[in-house]
Amino acid sequence: MIYALITILIILIVLVYQKLNRKIQILEQKISDLSKDKAKIEKQEQTSTETIKSETLLNNGNEVEQKPIPETIEDSSEPEKDWLTPLFDFIKQNVLTIIGIFTLVLGIGYFVKYAIDKNWIGERARMGIGFLAGSLLIMTAHFIRKNYTVFSSIIMGGGIAVFYFTTTIAFREYHLFTQNMAFAITCAITLLSIFLSYRYNSETLIIFSLFGGFLAPLMISTGQSNYIFLFTYLSLLNFGMLITVYLKNWKSVGWIAFIFTAIYLYFWTVEKTDFISILFYIITYIIFYAFALQNYFKTTQLSKLDILMLVLINFSSIIGLVYIFSTLRYEPLSIFPLIFALVNTFFTFREYQNKKFERNYSVFAGIGISLLTLAVALQFKTHLITSVWAIEASLLLYIWKKTNHSIFKIFFYLLFPLVILSQIMTWTEYINNAKHLTIVFNPVFLTSLVVIASCFFNLILLKKETKEKSDTDFFENAFKVLCFGVIYLSILFELIYQLSSLRLVIIITYSFLYSIVFISLLLILKKIVGISKTLENILIYVLLLLYIVHISSSQIVYAVINREIGLGLYGIYLLYLVPLFYLIIKLIPQSEFLKEKISYWIISLVCILSISFELYRIYIFLNNTTYQNIFQLQEHFSILYLPIIWAILSCGFIFAGLKKNISELNKIGFGLLGITILKLYLYDVWQMDNVSRIIAFIILGIILLLSSFMFQKFKNMLKNLVDKNEKSIDEDI
């Protein structure tokens, strides 16, 4: 009661302020009109002056090119109005009145509270006060509706809200009504509010009515779940909403109804999965599909919100219906996606017959194809939520490309992270699933295939974007990396799961080979998937890092010697050399990777490690050694053969650097040669026997002399070439 009286007081104050403010606005408008009239008169005088001058020039025989006189753009911007000033003036003039009314209201409010505490006012009287306060608000709104339309609608909505809450409190706290009586009263309040909405043509009021209508079941709930009665009521409410939308074109009403209905339906589905709920899902689908097609039937055009509703009602219904079928173990799961696909195909065919291959055709066709794809995916037992979200995300991106409405792109970027999170939850079944999953044709990997297909489709659509630099480049690249990551991990987890019963060295070898091949394929298909130069360089760095780890950390030697695996796996392990050669010979020269000096060092490191480790492993296998003497062979190879290998490699780097005039290769060659010499003199020479020492020094000395000879020879060749060019230039002069 206190709050109702305070609300009425505030309304009266605001009304007085609004009346004063309106008068001030009228005066300001009159002043503004007078200023504009004065400016127009001056402009007409200036135009007439220009016309007289032009006619004078023409009469004198001068050819004057007639040009339109540019309009004078007046600075019509008025000083910013201080809307607080009238309010402060009003308060200063009526401060005693305001304080007196506020004090009186507080006194009455405290009296009512005291009376309730002392039981002077009974429960029925309290209910009567609530209905009276609501009625006063509605009557106040009725009298001010002509001058303050929106304001009166809000006040009337407040009155309706007071009715709802009064009924709720009377039922739940005071038990003055039975549940059926309370429900009848809330329905009557809803009908009254809808009638008032039509009477005053107020969309604001019907929104209040709709909130009350959907919240009424919660207000009078006793905790007993009578879902059939609830959804019968909601279906009737939604049907009334549909009629309202078709008559008044109040779109907000339909969206509010959809949100409330979806929440109720999903809650019922999760709490008590029942076959009868399928009927209400179908009724809801029909009502909101018709709501989405309102503009389509009137103007043969779909607005962006209509398209969004079509997407949401199709896929939200599919989630609920397939969940019910899956929980109750009904078959086939694809029945409803197929039915809904046929509905959308019907409208696609309708557009095709009318020879309209524009937005409507693309939307209906896109939804139909998406639902057919989902039906196939569900038939193979893929995970429901992940599959639905992945296909829905691609559909939103496709519709955005066709309609160019940014709202679909926003929803796509909001939904796709949920697809990733759902996919991560799907991958956990590799760990939690006790039974063995079949190769490829298992629910987890089939779901991953749906997500992979969605990612490829998204990448192809995004590739058609403009190639100009924009502020969204970072986000586009981040999205592509996310897609690549999902595709990579989906196949990797399936590979690891299927190999999980084998030795760890086999799993690691195949995992590294797959990773190397995957990134190499991305680099080969960079134009198809739209990889930028920056992303390409990052992928090359990652690939070279994978090579370094794969080559240096492999335990394949110990596994072969211990008879854990056969020597044939080493041949499979060496397959990494094929993409490595292709990377160095073909992919890197075509990229911008070599623009950074450090790139030469990383590539050289990979080459040095690859040659050194593979020659070492071949040396171990050729000696047919055992685990006991492997460390002795390692020491022998490191002391005797490794310096020779590095010396030869250093010569190769120096020669390549001189030939191609790449200074970094010269630095790498001389650096490696310096490391080899230091290693030889500081460590190796003290570990060798006399024969090995003699052989190592002789071979290394010959290599160093040959390197020096080649360097000098190449230097002389360059000098002669320069002298020859200078002589030729002098002769020409």
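**Close-up 1. Phe336 and Phe340 sit four residues apart in helix α13, so about one helical turn separates them.** This is a predicted model, and every view that follows is drawn from it. Helix α13 covers residues 335-353. The ring centres of Phe336 and Phe340 lie 6.4 Å apart and their planes meet at 50°, so the pair counts as tilted.

Close-up 2. Across the structure, the count of aromatic pairs comes to 35.

**Close-up 3. Phe258 and Phe288 make an edge-to-face aromatic pair.** Here the centre-to-centre distance is 5.5 Å, with 70° between the planes. Phe258 belongs to helix α9 (residues 251-271) and Phe288 to helix α10 (residues 277-292), so the pair ties together parts that are 30 residues apart in sequence.

**Close-up 4. Lys251 lies over the face of Phe291.** The distance to look for is 5.0 Å, taken to the ring centre of Phe291.

**Close-up 5. The peptide bond between Glu331 and Pro332 is cis.** Its omega is about -5°. Pro332 is found in the loop that runs between α12 (304-327) and α13 (335-353). Why is this bond worth a view of its own? Most peptide bonds are trans.

**Close-up 6. Thr300 and Arg563 are two non-glycine residues with a positive phi, each about 60°.** As background for this view, most residues other than glycine have a negative phi. Thr300 sits in the loop between α11 (294-299) and α12. With a relative accessible area of 36%, Thr300 is partly exposed. Arg563 is placed in the loop between α23 (556-561) and α24 (568-573). Its relative accessibility is 64%, so Arg563 counts as exposed.

**Close-up 7. A nonpolar patch on the surface is formed by Val517, Leu521, Ile524, Leu525, Ile528 and Tyr582.** Together these residues have about 520 Å² of accessible area. Which helix gives the most to the patch? That is helix α20 (residues 504-524), with three residues. Leu525 is in the loop between α20 and α21 (526-529). At 38% relative accessibility, Leu525 is partly exposed.

**Close-up 8. Cys607 and Cys651 are shown for their accessibility.** How many disulfides does a search of the whole structure find? The search finds zero. Cys607 is partly exposed, its relative accessible area being 23%. Cys651 has a relative accessibility of 11%, so it counts as buried. The reasoning rests on a cut-off here: a residue is buried when its relative accessible area is under 20%.

Technical notes. Residues numbered from 1 in each chain as written. Predicted model: local features only at pLDDT ≥ 70, side-chain atom pairs only at ≥ 80, totals over all residues. Heavy atoms only, no water. Helix = DSSP H or I, 4+ residues; strand = E, 2+ residues; numbered from the N terminus. Buried < 20%, exposed > 50% of the residue type's maximum accessible area, 1.4 Å probe, protein only. Disulfide = S-S within 2.5 Å. Patch = residues over 30% accessible without salt bridge, like charges linked within 9 Å, V, L, I, M, F, W, Y side chains within 5 Å. Areas by Shrake-Rupley, 256 points an atom, 1.4 Å probe, with all protein chains shown as cover. Salt bridge = Lys/Arg side-chain N within 4 Å of Asp/Glu carboxyl O. Phe/Tyr/Trp six-rings, centres within 6.5 Å; stacked < 30°, edge-to-face > 60°. Lys NZ or Arg CZ within 6 Å of the ring centre and 35° of its normal.
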